[in-house]
Amino acid sequence: MTKRSISFTTILVIVLFFLLPKAFGQTVSEPFEFKFDNKILRGLIEKPQNKQTKAIVILIPGYGKTDFVEGNWYSTLRKKLVASGLTVVFWDKMGCGNSDGKFDSNQPVKNSADEGIAAIQKIKKLNIPGSEKIGFWGISRAGWIIPLINEQFPIDFWISVSGTDDKENFGYLLKSNLIIEGKNKEEAHELYKSWMLGHKLFCTQGNVEDYESAIRPLKLDSLSRKLFGYSNISKITQEDKEIYLQEQKQYTSKGHFDVESGLWVYIDDFDKILQKINAPVLALFGANDSQVDWRKTKELYQETIGVNPNSTLTTKVFQNCNHVLQQCVTCGWREDLSASKWQACDQYYETMISWLEQHKFIE
């Protein structure tokens, strides 16, 4: 049986592309740690060597494990931001790198936001240069986390990369990647309909037998099994039933099922939460994102942040770029871009730096 944990967010572990060679230039690096849920989370503070910074940017990654310190994740991004004059702060998730505890692949978004608040409190306590203005860079799942942080700690700026709207995106990912990998649109749509039916049953207390029956076409399809891990095993064991009920309960503990779209809403009243952001926001998207329906997110941002007189919204869509803003060919989530060394979109870094200068967070 395929566990419900195979979801849109699971695929986002491909942010491993950020594992690039170390290159900090004139950077001062020092340990950063703080306590959260009775565990110590550890990372780094990186700042320019001979320059006083005016602001701090906290990096919030997407779904999956992290290896910021030893793996040197996001090294190019960090180097660019520090070179521009910002102090950069980041840490490994619980159970990752040198952070204590056990990694939770299903960590609730609200808990991730509370984790970010704990980090901010420690930054303030340390009185790190630039802590008068604290902003965020976040990718994918961070699009939920950072607006929730803003409710407790008003942020000074936000760079949103491939942010999400309020709903489940796995159906979009499934259909997009089936087409990329060779299905015609009609075939992909039929498989998508099977997923939608199973998703509705799962979200509305449907039993495991009906759920398995609904997604049977996906389990029989070799490409769906290859791409998303669906199993062709048809027998349902007692253990399968228990896992299904446990995951169903956990998944539906927050948010609600939206009848009109047939999708799960992760955060209730997310539009109202976005409207509370009284700070400059830069939203960046890849035109060929096959994991998040960026058009819906862009529209949501325009209808919320974009009409807030106390905020400014700047959006940019990079052509021929994927979910993590790399130049791509097929732009499928499984595409191997090692030959091109995971090349970032043209003007990706320059766009961020120019925007930060425009809003006077750097000089």
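1. S162 is buried, with a relative accessible area of 1%; buried means under 20% relative accessible area, exposed over 50%, and partly exposed in between (1.4 Å probe, protein chains only). S162 lies in the loop between strand 6 and helix 5. Helices (H or I, at least four residues) and strands (E, at least two) are DSSP runs, numbered from the N terminus. The phi of S162 is near 55°, a positive value in a residue other than glycine. Most residues other than glycine have a negative phi.

2. On the source: this is a predicted model, in which local features need pLDDT of at least 70, side-chain atom pairs count only at pLDDT 80 or more, and totals for chains, interfaces and linings use all residues. Residues are numbered from 1 along each chain as its sequence is written, and side-chain values use heavy atoms, with hydrogens and water left out.

3. N72 also deserves a look. N72 is not a glycine, yet has a positive phi of about 60°. Its place is the loop between strand 3 (56–60) and helix 2. Buried or exposed? N72 counts as buried, at 3% relative accessibility.

4. Now the rings. The structure holds 25 aromatic pairs. Rings of Phe, Tyr and Trp (its six-membered ring) pair if their centres lie within 6.5 Å; planes under 30 degrees apart count as stacked, over 60 as edge-to-face and the rest as tilted. F157 and W355 form an edge-to-face pair, 6.3 Å centre to centre with 65° between the planes. This pair links distant parts of the chain, 198 residues apart. F157 sits in the loop between helix 4 (142–152) and strand 6 (158–161), and W355 in helix 13 (residues 348–358). F157 is buried at 0% relative accessibility. W355 is buried too, with a relative accessible area of 2%.

5. Which residues do ring pairs link into a cluster? They are W144, F202, Y211, Y244, Y251, W264 and Y266. W144 is also among the buried residues of helix 4.

6. Helix 4 is mostly covered: nine of its eleven residues are buried. Those buried are A142, G143, W144, I145, I146, P147, L148, I149 and N150.

7. Two lysines lie over ring faces. A charge sits over a ring if NZ of Lys or CZ of Arg is within 6 Å of the ring centre and within 35 degrees of the ring normal. K175 lies over the face of Y192, at 5.2 Å from the ring centre. K316 lies over the face of F318, at 5.3 Å from the ring centre.

8. Next, helix packing. Two packed helices are described by the angle between their axes and the distance between the axes. Axes are lines fitted to C-alpha atoms, for helices over the stretch in contact, and angles run from 0 to 180 degrees between N-to-C directions. Helix 5 (residues 170–180) and helix 6 (residues 185–203) pack at about 155°, with axes 9 Å apart. They are therefore roughly antiparallel to each other; angles under 35 degrees count as roughly parallel, over 145 as roughly antiparallel, 65 to 115 as roughly perpendicular and the rest as oblique. Their crossing is right-handed: a crossing is left-handed if the near helix is turned anticlockwise from the far one by less than a right angle, and right-handed if clockwise. Helix 5 makes the contact through residues including K175, and helix 6 through residues including Y192 and H189. Contact means heavy atoms within 4.5 Å.

9. Helix 2 (residues 75–84) and helix 13 pack at an angle of about 30°, with their axes 11 Å apart. That makes the two roughly parallel. Their crossing is right-handed. On the helix 2 side, T76, L77, K80, L81 and S84 take part. Helix 13 meets them with Y349, M352, I353 and L356.

10. H189 is in helix 6. It is partly exposed, with a relative accessible area of 32%. The C-alpha atoms of H189 and I305 are separated by 33 Å. Along the chain they are 116 residues apart.

11. Two strand residues close the list. K39 is in strand 2 (residues 39–48) and is partly exposed at 31%. K39 touches F34, M94, D100 and G101, not counting residues up to four places away in sequence. K39 and M94 are 55 residues apart in sequence and 7.7 Å apart, C-alpha to C-alpha. V317 is found in strand 10 (residues 312–318) and is partly exposed at 24%.
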